[in-house]
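Visitor: I would like to learn how to read a structure of this kind, step by step. Could you take me through it?

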Amino acid sequence: MSHPTATASSPAAASSAPAAEPAPVIEITGLSKRYDSGFEALKQIDLEIRRGEIFALLGPNGAGKTTLISIICGLVNASTGQVKVDGHDNVSAYRAARAKIGLVPQELTSDAFETVWNTVRFSRGLFGRKPDDAHIERVLKSLSLWDKRKNKLITLSGGMKRRVLIAKALAHEPEILFLDEPTAGVDVALRRDMWEVVRELRASGVTIILTTHYIEEAEEMADRIGVINRGEIVLVREKQALMRQLGSKQLTLQLQQPLASVPPALAHYPLSLDEGGSVLVYTYDASDPNAQGQVPISTLLNDIEAAGIRFKDLHTKQSSLEEIFVNLVRERQ
Amino acid sequence: MNLQAVRAIYCFEMARAGRTLLQSLVSPVISTSLYFVVFGAAIGSRIQEVEGVSYGAFIVPGLIMLMLLTQSVSNASFGIFFPKFTGTIYEVMSAPISYFEIVLGYVGAAASKSAVLGLVILGTANFFVDLHILHPFMMLLFLVLTAITFSLLGFIIGIWADSFEKLQLVPLLIITPLTFLGGSFYSIDMLPEVWQAVTLANPVVYLVSGFRWSFYGISDVSVTASLIMVFVFLAVSLAVVNWIFRTGYRLRP
Ligand SMILES: Nc1ncnc2c1ncn2[C@@H]1O[C@H](COP(=O)(O)OP(=O)(O)OP(=O)(O)O)[C@@H](O)[C@H]1O
Ligand SMILES: [Mg+2]
């Protein structure tokens, strides 16, 4: 396999890596994947994962999330490009690279007739670690699986099987954990528990990369968010910054009388009419009240009053990550 | 060398056999006994000795080979096909272990199982006929090498197969006919001359002949030819396995 160095790094990836930063724990350069079918699942991906962060990879179905993770973990061969895990090339130094990684796959797979205990113990051995029953006990307890340790996997529910997969991935004490849609099919209460486990892992220094369709999950958990669409990383940003930057706010006024158009007196405001003129919408940036051309809300309301417009109700709304995400993906299509 | 991983795979596979002990051991023993009843007792009573060995005793090495070949192939092919089928193979492929270690774990377990099985059948045969083993060391060598070689073949089949039908196809269409025509139940001398020549193209003939020689000192082909054949088989299987892993064939898209 060839390892060309990245020719053009995407702006998104570049902006996420300021100069004075510790070495990334995962470094992906110029990675692309063309399956035998001819389908190009990844196109020149450049991405760095920081040590100790929770990185959420968002993207619609078929975007290439699982493909990307599979290449990093050694399940799929890359077509071009290079992956370094803590400095180790994941092909030429696969032992060192893979030993650091734990993977929870998207698909629920299990050896139906094995017991929970045996299957988790097997995982530890497979990764070359000496048996350590105390560690496995801790892992099973943290995932509320201890009572089920003697159960055959076939007797477990889907959510339990998902947690067994997490336990298997944690059995060898990985420094990096990949969670490919970890909470798919897990009920709300358990999802909270799992987030708790992930937070504890992070607190203990484990780097976590998760993919998810639940935006709330990324919003709740992630330090940084990457959006992937059609095999391209379209954005990588700190979650806070992302929500600030893209999270505009809207003030909606329910009018008593519908308007045909925005009165000239208010033309200098970014106002628009909706629902046949009965709703007036004002879009502004809540995070930066001093933004150019932005005036206090009270001034706007006074001007509306002065223009003779009466309203029955008003409310404000901040775009969620979900909307940001949907907009991003839609824009690019 | 990641010995922990080899051990994990090996023990995991052996434990699987332990859970299915009935089908792993009892059924081959029963079918061997049936062969003895049908071939040894019914037919054997009409056949005189073959080269100074009673017919019942004559077929023992062939029977063991028959079981060894079919069980090695089916054990090993199933052992790798099943995790591929259920998807649990992802874990092995993402683990810090080399191809050689994967093969050592899976093929080692399959070969151990069929070698033990071969010995169990030998013990069973002892109930029916008087057995002499002239060259016990060579007998074990043939047994172990054959178990390893055909477990490798099974491993290859398990990786190649992408459906249960294909998994059954090769054993059914190739292995079984070759073993039945491989001189398990007869000496090649008993065949018309033309067929003797054709039979020599069947690799299994060399295995059965060599194995039988280690029991009774009689053989259809020279022992050297048999040994060479075993090693050629082994080398070819190893080369194919090596190719599979180098290219990621059916394992890494
Ligand atoms: N083995 C394969 N051969 C050919 N194409 C494949 C293969 N695996 C995946 N693909 C294609 O690559 C694309 C990316 O798939 P991938 O599984 O990475 O998506 P994803 O982002 O994980 O989607 P999802 O959210 O549904 O899990 C898809 O169009 C898929 O059809
Ligand atoms: Mg996926």
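**Reading the two chains**

Guide: Let us begin with one residue and its surroundings: leaving aside residues up to four places away in sequence, Val83(A) touches Ile26(A), Glu27(A), Ile28(A), Leu31(A), Ile71(A), Ile72(A), His88(A), Asp89(A) and Asn90(A). Please keep in mind throughout that this is a predicted model.

Visitor: Where in chain A does Val83(A) lie, and is Val83(A) buried or exposed?

Guide: A residue counts as buried when its relative accessible area is under 20%. Val83(A) sits in strand β4, which covers residues 80-85 of chain A, and because its relative accessible area is 2%, Val83(A) is buried. For a sense of distance through the chain, Val83(A) and Ile209(A) are 126 residues apart in sequence, while their C-alpha atoms are 15 Å apart in space.

Visitor: Ile71(A) and Ile72(A) were among those contacts. How many residues of the helix α2 of chain A are buried?

Guide: One can read a helix as a whole by asking how its residues are covered. In helix α2 (residues 65-73) of chain A, 8 of the 9 residues are buried, so this helix is largely enclosed by the rest of the structure. The buried residues are Lys65(A), Thr67(A), Leu68(A), Ile69(A), Ser70(A), Ile71(A), Ile72(A) and Cys73(A). Gly74(A) follows α2(A), and its phi is positive, near 90 degrees.

Visitor: Is Gln294(A), in a loop of chain A, buried or exposed?

Guide: A loop position has to be checked by its own accessibility. Gln294(A) lies in the loop between β13 (279-284) and α10 (297-306) of chain A, and because its relative accessibility is 19%, Gln294(A) counts as buried. The C-alpha atoms of Gln294(A) and Val116(A), which are 178 residues apart along the chain, are separated by 59 Å.

Visitor: How many helices and strands are there in chain A, and how many in chain B?

Guide: A count of elements gives a first outline of each chain. Chain A has 11 helices and 14 strands, whereas chain B has 10 helices and 0 strands. Of the 333 residues of chain A, 47% count as buried, and of the 253 residues of chain B, 55% do. The accessible surface of chain A is about 15500 Å², with 50% belonging to carbon and sulfur atoms, while chain B exposes about 11000 Å², of which carbon and sulfur atoms supply 71%.

Visitor: What radius of gyration does chain B have, and what would a compact globule have?

Guide: The radius of gyration is read against the value for a compact globule with that number of residues. For 253 residues this would be near 18 Å, and chain B has 19 Å, which agrees. Along the principal axes, the C-alpha atoms of chain B fill a box of roughly 60 × 35 × 35 Å.

Visitor: At which residues of chain B does UniProt place the feature "transmembrane region"?

Guide: A record can be set beside the model, with the two kept apart. The unreviewed UniProt entry places "transmembrane region" at residues 21-43, 55-82, 103-125, 137-157, 169-188 and 227-245 of chain B. In the model, the span 55-82 of chain B is 100% helix, with its end C-alpha atoms 40 Å apart, and the span 227-245 is also 100% helix, with its end C-alpha atoms 27 Å apart.

Visitor: Which residues does Thr124(B) contact, beyond its neighbours within four places in sequence?

Guide: Thr124(B) lies in helix α5 (residues 99-128) of chain B, and its relative accessible area of 11% makes it buried. Leaving aside those neighbours, Thr124(B) is in contact with Val29(B) and Ser33(B).

Definitions and conventions:
Residues numbered from 1 in each chain as written. Chains lettered and ligands numbered in written order. Predicted model: local features only at pLDDT ≥ 70, side-chain atom pairs only at ≥ 80, totals over all residues. Heavy atoms only, no water. Helix = DSSP H or I, 4+ residues; strand = E, 2+ residues; numbered from the N terminus. Rg over C-alpha atoms; globule rule 2.2 N^0.38 Å. Buried < 20%, exposed > 50% of the residue type's maximum accessible area, 1.4 Å probe, protein only. Areas by Shrake-Rupley, 256 points an atom, 1.4 Å probe, with all protein chains shown as cover. UniProt positions renumbered as here; feature names shortened; annotations may be inferred. Contact = heavy atoms within 4.5 Å.
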